[in-house]
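Reader: Hi, I'm new to reading structures. Can we go through this one together, bit by bit?

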Amino acid sequence: MFGFTASDYHFETHKLSLNQTLGDVLLYQGIAWDSILKLDKISSEVFSIRNFRAKKPFTIIKKDSCDTPCCVIYEPNKYTFIKYHLDDEVEVEVVKRDVEICEESASGEIVSSLWMAMKNAGLSAELIDKMEDALASSVDFYHTQQGDAFKLVFERKYIDGKPIGYGEILAAAYNNDRGEHYAVFY
């Protein structure tokens, strides 16, 4: 977990309260004030500990539950996490997660609305918007009818086997009473 062996370390999830700083939490956890100041200075060049947001979780890693923290992990987004090392040498490390991109496809037929047909096919609002953008110049999506059909080939992004978002729509097709309409990513 975050590059640490789960059986060798203790992980605690915390959230800052309003008007609380990471320094407050670390001081309570037994980290010396001069180490916190050094971390503040070093982190300002990478991802400042002052940018931690209230109510957004972060992880404190200890060698055991009674020990002082050896590392703090903050995830500013789902693609990156920041390691704030607090051992002998205070340092900050940005880690980009490995993202696997897979090609997937989906199709469906309109029964009540395009939105519902795509939701029933397991597609998110983000992908629905991308398909509408890809075909907007040739399809009037305000006048979809029962029996219209769509097909998509798209990229889905995974981290550690879990879907985390979409990439590009590689191909889209829409069939209605005016014929078939296509869009291909270029």
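Reader: Is R156 buried or exposed?
Author: R156 is buried, because its relative accessible area is 16%. Buried means under 20% relative accessible area, exposed means over 50%, and partly exposed is in between, with a 1.4 Å probe and protein chains only.

Reader: What kind of model is this?
Author: This is a predicted model, where local features need pLDDT of at least 70, side-chain atom pairs count only at pLDDT 80 or more, and totals for chains, interfaces and linings use all residues. Residues are numbered from 1 along each chain as its sequence is written, and side-chain values use heavy atoms, with hydrogens and water left out.

Reader: Back to R156. Which side chain does it meet in a salt bridge?
Author: R156 meets E104, at 2.9 Å from N to O. A salt bridge needs a side-chain nitrogen of Lys or Arg within 4 Å of a carboxyl oxygen of Asp or Glu.

Reader: Where do those two sit?
Author: R156 is in strand 7 and E104 is in strand 6, residues 100-109. They are 52 residues apart, so the pair links distant parts of the chain. Helices (H or I, at least four residues) and strands (E, at least two) are DSSP runs, numbered from the N terminus.

Reader: How many salt bridges are there?
Author: The count comes to 5. One of them joins K62 and E12, with the closest N and O atoms 3.1 Å apart. K62 is in strand 2 (57-62) and E12 is in strand 1 (10-15), 50 residues apart.

Reader: And are K62 and E12 buried or exposed?
Author: K62 counts as buried, at 5% relative accessibility. E12 counts as buried too, at 16%.

Reader: What about D40? Which side chain does it pair with?
Author: D40 and R50 meet in a salt bridge, 2.7 Å from N to O. D40 lies in helix 2 (33-43) and R50 in the loop between helix 2 and strand 2, so the pair ties together parts 10 residues apart in sequence. D40 is buried, at 15% relative accessibility. R50 is exposed, at 63%.

Reader: New topic. How many residues are in the largest nonpolar core?
Author: That core has 20 residues. M131, F150, L152 and Y174 have the most contacts inside it. A nonpolar core is a set of buried Ala, Val, Leu, Ile, Met, Phe, Trp, Tyr and Cys residues joined through side-chain atoms within 4.5 Å.

Reader: Which elements give two or more residues to it?
Author: Helix 3 (114-120), helix 4 (125-135), strand 7 (149-159) and strand 8 (162-176). Another core lies apart from it, with 19 residues, among them F47, F52, Y74 and L86.

Reader: Why do such side chains group like that?
Author: In soluble globular proteins, nonpolar side chains tend to be buried together.

Reader: Now the surface. Which residues form the nonpolar patch there?
Author: L27, W33 and L37, with about 310 Å² of accessible area together. Patches use residues with over 30% relative accessible area and no salt bridge; nonpolar side chains (Val, Leu, Ile, Met, Phe, Trp, Tyr) are joined within 5 Å, like charges within 9 Å. Areas come from the Shrake-Rupley method with a 1.4 Å probe; for residues, only the protein chains shown count as cover.

Reader: Where is L27?
Author: L27 is in helix 1, residues 22-28. L27 counts as partly exposed, at 43% relative accessibility.
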